[in-house]
Amino acid sequence: MQIIIAKCKEEFDRIAADTVSQQIKDKPNSVLGLATGSTPLGLYAQLVERNKRGEIDFSQITTFNMDEYKGLPKDHPQSYHYFMHKYLFDEINVRPENINIPNGEAADWAKECAEYEEKIRAAGGIDLQVLGIGHNGHIGFNEPGTPFEALTSLIELDKRTIKANSRFFDSIDQVPRQALSMGIKTIMQSRKLILMICGRDKAEIAYKAIKGPITPEVPASVLQLHPFITVLLDQDAASDL
Ligand code: GLP
């Protein structure tokens, strides 16, 4: 596990963007795993700028997002479809047919999850997976207690996740209670990972994820077992290390 502590937010975003840019330069037809949340917003802004400046090319890139709320239409402002299009996909030259996000409106979620796994396999697996972390240690929407062997599945969201994510909705009642999420095993099968952690409020979980016991109660702790993972923290998130 490589641990990088960025001096400031600008450096944090730049290092993340350098990691993704290098992957794209090394393998122009890379398969990227992508995350939502506030943490990667600066990364996405940098990727948009670099793409507009002609420094990186997404024309052969395939993307797989980790998760989507169950029941939210794609055009709902809080859906991860909407988020990804707004902050990244609509601004770069990725081909729409190469974008993959779980369909939260699928009639048969078990089929949707199995097909998502199959699509990742058919694309050759994920080369670089970008990850954030929830305050309870979730990755994607894999909540505490999710088995490490889990593949893409329907997840019951934890009370703490619903509360944390309610900041984006008009009221907590509007936050979906379930989500489709790439599994922990699926995430671990990625060739390389970058886990991004920022903010003082993430310091405790950063410590548990990086230095604590490896346990399904802290889903991100499984990442300690990955041979090619970079953990990128800002100084606040690294304050308990
Ligand atoms: C959501 C997403 C996660 C993300 C987490 C943290 O729950 N499903 O993939 O890592 O939020 O988000 P933030 O970066 O806003 O703290």
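**View 1. Seven helices and ten strands make up the secondary structure of the protein.** Helices (H or I, at least four residues) and strands (E, at least two) are DSSP runs, numbered from the N terminus. With a radius of gyration of 17 Å, close to the 18 Å from the globule rule for 241 residues, the protein is as compact as a globular protein of that length. Here the radius is taken over C-alpha atoms, and the rule is 2.2 Å times the number of residues to the power 0.38. This is a predicted model: local features need pLDDT of at least 70 and side-chain atom pairs pLDDT 80 or more, while totals for chains, interfaces and linings use all residues. Residues are numbered from 1 along each chain as its sequence is written, and side-chain values use heavy atoms, leaving out hydrogens and water.

**View 2. Inside the fold, 55% of the 241 residues count as buried.** Buried means under 20% relative accessible area, exposed over 50%, and partly exposed in between (1.4 Å probe, protein chains only). Take the contacts (heavy atoms within 4.5 Å) between residues at least 6 apart in sequence: 78% of them join residues at least 24 apart. Along the principal axes, the C-alpha atoms fill a box of roughly 45 × 40 × 35 Å.
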